[in-house]
Amino acid sequence: MHKDITAVILCGGQSKRIGRNKAFLKTNNKPFIEILINKLQGLFQKIIISTKQPTLYHHLRSAKVSIVNDRSKILGSLVGIYSALRKTPTEYIFVIAVDMPTIESGLIKRVVKYYQEYDVVVPRSRKGLEPLCAVYSKECLPHITRQIRNSNYKIIDFFEQVRVKTIRLKKDGLFNVNTLNDYRAL
């Protein structure tokens with residue numbers, strides 16, 4: 001279990017294509033958010049839920065799980081990563097989007113394995129980089145800040161300014177639930 005890295009579950013999306021909060025969609029009778037918390041608890045000492053709606057998640061608070069209120073009016077995962085990096089006491093965060101409940105612990109361990117040597121550790125599939133299942137260090141903060149000030153919210157645009165390690169995925173990519181068809185497929 002890693003002490004100097006915090007797990008962050010990003011729960012900031014509007015879920016427009018599905019029409020309801022993805023954190024509380026269920027698979028095998030369990031909400032996505034609880035599935036992820038259970039997976040992360042065995043790997044990390046501290047877990048943060050980054051959200052614009054903190055009251056929805058208060059029931060999940062514990063010694064291990066805290067809530068970070070992403071107060072920015074700007075929407076997007078980059079802002080969630082920024083908020084988590086600013087509020088966490090650890091030098092590194094492992095970020096996972098709440099719509100990825102099928103993430104395997106083995107992949108998380110592979111990504112986290114190199115975290116102390118790089119500023120970003122990110123899986124790469126045939127589809128490209130998977131920045132919503134990645135490690136970020138506080139060294140990324142000035143670059144993210146600059147991007148946000150320039151209204152550029154594409155996560156990977158600052159990668160060329162920091163030390164990045166990519167982890168090859170054997171599959172086509174990570175499965176995330178973006179549409180009702182994705183949810184049915186799950």
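**Buried residues, cores and a salt bridge**

In the predicted model, helix α4 contributes Leu-141, His-143, Ile-144, Thr-145, Gln-147 and Ile-148 as buried residues. These buried residues of α4 pack against α2 (77–87) and β9 (133–137). The helix is followed by Ser-151, which has a positive phi, near 55°.

In soluble globular proteins, nonpolar side chains tend to be buried together. The largest nonpolar core of the model comprises 36 residues, and Ile-9, Ile-33 and Phe-94 have the most contacts inside it. Two or more residues of this core are given by each of β1 (5–10), α1 (32–41), β4 (47–51), β5 (65–69), β6 (92–97), α3 and β9. Helix α1 supplies the largest share, five residues. When neighbours within four places in sequence are left aside, the contacts of Ile-9 include Ile-33, Leu-36, Ile-37 and Leu-40. Ile-9 is also in contact with Ile-47, Ile-48, Ile-49, Ser-50, Ile-96 and Val-98. A second, separate core has 23 residues, among them Ile-93, Cys-140, Leu-141 and Ile-155. Leu-141 is also one of the buried residues of α4.

The count of salt bridges comes to one. Asp-119 pairs with Arg-163, and the closest N and O atoms are 3.1 Å apart. The pair links distant parts of the chain, 44 residues apart. Asp-119 lies in the loop between α3 (105–112) and β7 (120–125), whereas Arg-163 lies in the loop between α4 (141–149) and β10 (164–168). Asp-119 has a relative accessible area of 6% and is therefore classed as buried, the cut-off being under 20%. Arg-163, with a relative accessible area of 43%, is partly exposed.

Notes
Residues numbered from 1 in each chain as written. Predicted model: local features only at pLDDT ≥ 70, side-chain atom pairs only at ≥ 80, totals over all residues. Heavy atoms only, no water. Salt bridge = Lys/Arg side-chain N within 4 Å of Asp/Glu carboxyl O. Helix = DSSP H or I, 4+ residues; strand = E, 2+ residues; numbered from the N terminus. Buried < 20%, exposed > 50% of the residue type's maximum accessible area, 1.4 Å probe, protein only. Contact = heavy atoms within 4.5 Å. Core = buried A, V, L, I, M, F, W, Y, C linked by side-chain atoms within 4.5 Å.
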